[in-house]
Structures are given as structure tokens and as C-alpha cells.
Amino acid sequence: MSGAALGLEIVFVFFLALFLLHRYGDFKKQHRLVIIATLLAWYLCFLIVFILPLDVSTTIYNRCKLAVNSSPAESNGSYVTLAPSKQKCFKPWSYIPNGIMPIFWRVVYWTSQFLTWILLPFMQSYARSGGFSITGKIKTALIENAIYYGTYLLIFGAFLIYVAVNPNFNLQWNQLQTIGIAAANTWGLFLLVLLLGYGLVEIPRSHWNGAKRGYLLMKTYFKAAKLMTEKADAEENLEDIMEEVRKVSESIKYNHPLRKCVDTILKKCPTEYQERMGRNMDDYEDFDERQNSYPSEKSLVKLHKQVIYSVQRHRRTQVQWQILLEQAFYLEDVAKNETSATRQFVHTFHSQEPENKIIQYFYTPTVEWYWECLLRPWFYRVLAVVLAMFSVIVVWSECTFFSTKPVLSLFAVFIQLAEKTYNYIYIEMACFLTIFFLSICVYSTVFRIRVFNYYYLASHHQTDAYSLLFSGMLFCRLTPPLCLNFLGLTHMDATISHKNAQPTAYTSIMGSMRVLSFIADGFYIYYPMLVVILCIATYFSLGTRCLNLLGFQQFMGDSEMTSDLIDEGKELIRREKRKRQRQEEGENRRREWKERYGNRDDSTRNRVVHTDQKESNFSETNSNRPLSKYTRSNGRTERDRIELLQDAEPLDFNADSINDDPLESDSGRYQPGGRYLSMSRSKIFDDV
């Protein structure tokens, strides 16, 4: 089994990262280099989290062997027997041979650091650039990153000068490497504590609120009102950008040197706008450079960048609006079915996606009712209590992990108790659950956080390239200090435990932090205590209240603005619900019409076609008779009448409006006299 566990986890983590990236990214539309770079960053970070427990169990076994070798002992198969006390050092099932883990950690760590500090920032600027050539995009990326790289070189130079001036240190390559690692970990730990303090409170609270159906429904109404505002803003912004593109396209003719740039911009526009602009082009006109003023290439680059951003934002808001509607309809269905006497879950609308037959067979309406209306709220409450207990243990351990005599960190107590009995399964499970919970608290905050519209991870393939690359940067910067913090909580880090024991392979590649004593003995120990203040601030929603005071609308139960937005969102959901109901009723009426009159119309149509064929043959043989053409004309008229009856859509004169789409209002307005413009001749006789 040596190395088998490592290989299995490497494969499993790869597919896990691929699944998450497929959920947030778009493999078809986004550049392959963006997908590969983001996948590599996510994969390496998740790999560190999953492999570290194996490193801990292997280190505990190696410590046992060192203790045995220092005393008279005799070897026996897969374990070592200590002669005086008859103690046995069993080899763990996931034991990794010596020499593999140091090389593995060195490759993973330095690859992730290369990604986060050099490659991903450059690719971010490259992805956001509006250049029309690879050379132009590279030039823009280098200029934008000059300040970025210069700032970090300045910070690294300050650390370098501090070590060089201090007479107690002889500057060597290993120490220089340690300074770079310490600088990166310090930056990551600073951000890590901020995100961890938010996640430790928000994750249990979100699951507890998930059991409250009324709370979730009110919050969904609130999100609907905010998203509608964002959606309208995105549509207005897209219209303005498309109008500017139209003017540029009309001014720059087919033989202009910059016409290729305009064609590139047009390819990024939505299809309906491309067709509209293509109909209004007069490419037969030549451009005259002396008479007209044309935009420069720099302005076209800026316009190209705006088009990419506005189209992506518009598409994202449209998809999010449909997802939010489905969520609101589902929560309203749950509220209605809670009082159902039949105990069968009834949906207002049928799912638009085809359901799996296996799931449909086991997940019957009765099972769905018991799960959604009875079991799921209690499951969320129990899960919230368990997560809250984990959060309390993490906060306590973060404040006491520096104490070694007595050992106050609960995670260190659990690991040391298992170490005495060499229960490697328990050690690996305890380590995995601890670091997994810490990772969930930090990574979930990264997925939830939103920096205006520049960084936003949206599911259902709606995340842009800039946000994907930025998330990869954050993961690579947060994961190494997260793992060091975990090793400190469990006292597996010699810097914290102050024991002369064999360190883990992960700690060995970090070097000795004693080179910078004020960081090793000060910042790394006392700064994590700040998580207590952050948890208290998150519990009382101080950040949310501050943002609400600054004008950023946040969901707060005691706010008048929140109540107004809830009412507005409720009305929006009700309007969309009526619209979808009218669409389904129209489809049902058309289906019933075809089922009721379809066979009769088919038989009538066959008779008419048969009569036409006979009359056509008769007209060919008797071409001199004028009556034949009238007979054919009457037959065709009868056939056209039948087709019109079959294709015409039944009208609902009781509906609020015949068409809720503002883009089609010109062709579907209701007239006071009871006539619809959509029933004009240009529409009804298209198939005749």
C-alpha cells in the first residue's frame, strides 16, 4: 500500500478541481490557457489540503522509529518492537516512503508560488486587455504589472536589508529563500485570519437560517429586487456600448485600415446586435480621411475591452435571474406544500430539464414531501449545531495553541492522544476533518466575496476569466499559511511545540523561521488571536451594517429599505410567475387543440391533397377548360384555411398583457378595439 493512498488522492483531487472549475467556468468560450492555469492553481491548493494528513501520520511513524532506534530493539516484519516495554510501531496503511514527500512538497509549493506571484497576475492583465494582437496584449499586461511587481520587489528588498544589516545573521541562500517564504506566508496569514473570522460564524449561521423557510423566501425576494436593478443596469450599459459600436462600424468602412479591428469587436457582440448592424452597413462607400474624423486604434482597444465586459455582465445577469426565479418558485412551493393533507409534493411548474429516471423512481412526490417539509429543516439545524461546535473549538485553539505546558489546543490534545496508541486511522481522520473545516471556512468566503463587479465567482459557467484567475491567485496565497496554521494548532510544527522532534516534510521545505524572530515569535503566534474580534463582529453583522450605512443595500431584518426591497422583489416574482403560467396555459391549449382536431385536419388535408392531385392531372389533360384553375384555386384556399386554423395560437383576452417582452412590444401590442398587432397579415400568412 506504500504510495497507493498518495496516488488515489492525487487522482481524486484532480477530478474534484475539474468539477468545480466546470461549474464556475466555461470550457467552450474561455481561452484554454485561462482554464489550464486556473485548474492547475485550484488543483495544487486542494492537493495540499488532502495530502497533508498523510504527511502527519508518516511523520509520527518516523518519530516512533527514531525513538526505537535509540533503544535496544528487534525488528519484526512491518513493525518495530521495543525490547524493554514491548512497544510496537505499526506502519500506517498510507505510509509514504522516505524521500518522496520532500520532493513532492517542493514541486507543489514552488509551482503554486510561481503561479500566484508571476504567471496569474500577468494572465489577468492579458485577459482584460482589449488589444487586437498577441503583441499588443502582452505589452499592455507588462505595463499594468510593472507597478505590481515593483511593489513586491520593494517589500522583499526591505526584508533583505533588515537581514543584511543585522550582524547576527550571515546571509546565505537558504536564509534568503526563507525570507521570501516568510514574506509570502505573512501576507497570506494576514488575509487568512480575515476570511477565517467571517467563515467560522457565517457558515453555521447560514445552515441554521437554511432551516427557516420564511427567512429564505424573504431573502430571495430581496435578492430579486437587487438583481433586477443590476440586470436593468447591465442592459442599459450594453445598449450604450452597442450604440457606440454601431457608430464606429458605420464610420469605419470596409477598406479602412482599422476595419479588421472593428470586425473583431463585432464578433464579440451578441448575435441580434450583429444582424442589426449588418443590415445598416453601406460598404459600397469608400472612406475619405480628409473629410471625416475616425477613431484611433487606442480608442478601439478601449471599446473592445468595454464590449467584452458588458456582454459578459449582461449574460451573467440573465442566467442569474432565471436561477433566482427557479429558487423563488421552489421556496413558494415548499411553503404551500407544508400544509398539504395528501403529503405529496406538488410543483407549480414542471422542470424544464429532463429528470433522471432512476432519481424519479426513488425520489417520489411522497419522499420529496417528507424530505423538503419535515426532514430537511431538522437536518440543517443539526448540521448547524455541529459546525458551530467546530467553530468554537477552532477559536479556542487559535487563542491557546502557543501554550505547550499545559497543552490547551484541543486539536493538539486529540492528536497526542492518538499518537500514544499509534492509531493512524484516527490521526488521519482528525487531521483531515480539521484542515477540511478550516479550508471550507476560508475557501467558501473566497467564493462568496464580491468586489463590486471586478471579482465575482458566479456558478452555472458565468464567471469571467479575470475572476477565475484572481481566485487561483487567492487560493495559492492562502493555502500555505493555512497549512502552517493547522500544523501549529496540532503542535506538529517544531517552532510552536519547541520540541526537538522530527518535523513534517511540509515544514522542512519552509526552512527555519528563526531567521526572522519577530515574525516567528510574534506575528505567527499572536496575530491569529484577532479571529476572536472578527467572529464577534461577524456575529453582530457589523460589516453588513457599515455597508448599509454607506449606501450598499444589505439584507437586514430591522431596516425599512430592506422591507421595501422585499415587497418589490415579491411583486417581481409574482409578475414572472403570471407570465410563465400564461405561457404554459398557451402551450396546453395548443396541445389540446392538436389532440382534438389534429386527426380530423390530417384527414381533411389528405382529401384536399388527393383532390388537388386529381384536378391537376385533369387540368393537364384538359388544359383548354378554364374551370380547372378555379377548382385548384378553391382547393388551395381550403387547404390554407385549415393550416391557419391549426397554426393559429389561441388568444387570452383576460391576460394583463399579450407580451411582456419589451423588445417585442412593437409587434405584439393590444389595440383598444380587441385586435392584436401580432395577428397582422405579415405574421399570419408567412407559411401561405
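Predicted model: local features only at pLDDT ≥ 70, side-chain atom pairs only at ≥ 80, totals over all residues.
The side chains of Ser57 and Glu428 are joined by a polar contact of 2.9 Å. Leaving aside residues up to four places away in sequence, Ser57 touches Pro92, Ser94, Tyr424 and Glu428. Is Ser57 buried or exposed? Ser57 counts as buried, because its relative accessibility is 0%, and buried means under 20%.

Let me now turn to the chain as a whole. Its secondary structure comes to 22 helices and five strands. Of its 688 residues, 40% count as buried. The accessible surface is about 39000 Å², and carbon and sulfur atoms account for 59% of that surface. Among contacts between residues at least 6 apart in sequence, 76% join residues at least 24 apart.

The UniProt record, an unreviewed entry, places the feature "transmembrane region" at several spans, including residues 6-21 and 378-396. In the model, residues 6-21 are 100% helix, with end C-alpha atoms 23 Å apart. Residues 378-396 are likewise 100% helix, and their end C-alpha atoms lie 27 Å apart.

My next topic is the aromatic rings. How many aromatic pairs does the structure hold? The count is 29. Phe14 is partly exposed, at a relative accessible area of 32%, whereas Tyr43 counts as buried at 14%.

A further edge-to-face pair is that of Phe222 and Phe555, with 5.4 Å between centres and 65° between the planes. Phe222 lies in helix α6 (residues 213-251) and Phe555 in the loop between α19 and α20, so the pair ties together parts that are 333 residues apart in sequence. Phe222 is buried, with a relative accessible area of 5%.

Ring pairs also link Tyr24, Trp42, Phe46, Tyr443, Phe447 and Phe475 into a cluster.

Finally, I note two arginines placed over rings. Arg381 lies over the face of Trp378, 4.9 Å from the ring centre, and Arg580 lies over the face of Phe349, at 5.5 Å. Thank you for your attention.

Note on methods. Residues numbered from 1 in each chain as written. Heavy atoms only, no water. Buried < 20%, exposed > 50% of the residue type's maximum accessible area, 1.4 Å probe, protein only. Polar contact = N/O pair within 3.5 Å; in protein donor to acceptor, adjacent residues only side chain to side chain. Contact = heavy atoms within 4.5 Å. Helix = DSSP H or I, 4+ residues; strand = E, 2+ residues; numbered from the N terminus. Areas by Shrake-Rupley, 256 points an atom, 1.4 Å probe, with all protein chains shown as cover. UniProt positions renumbered as here; feature names shortened; annotations may be inferred. Phe/Tyr/Trp six-rings, centres within 6.5 Å; stacked < 30°, edge-to-face > 60°. Lys NZ or Arg CZ within 6 Å of the ring centre and 35° of its normal.
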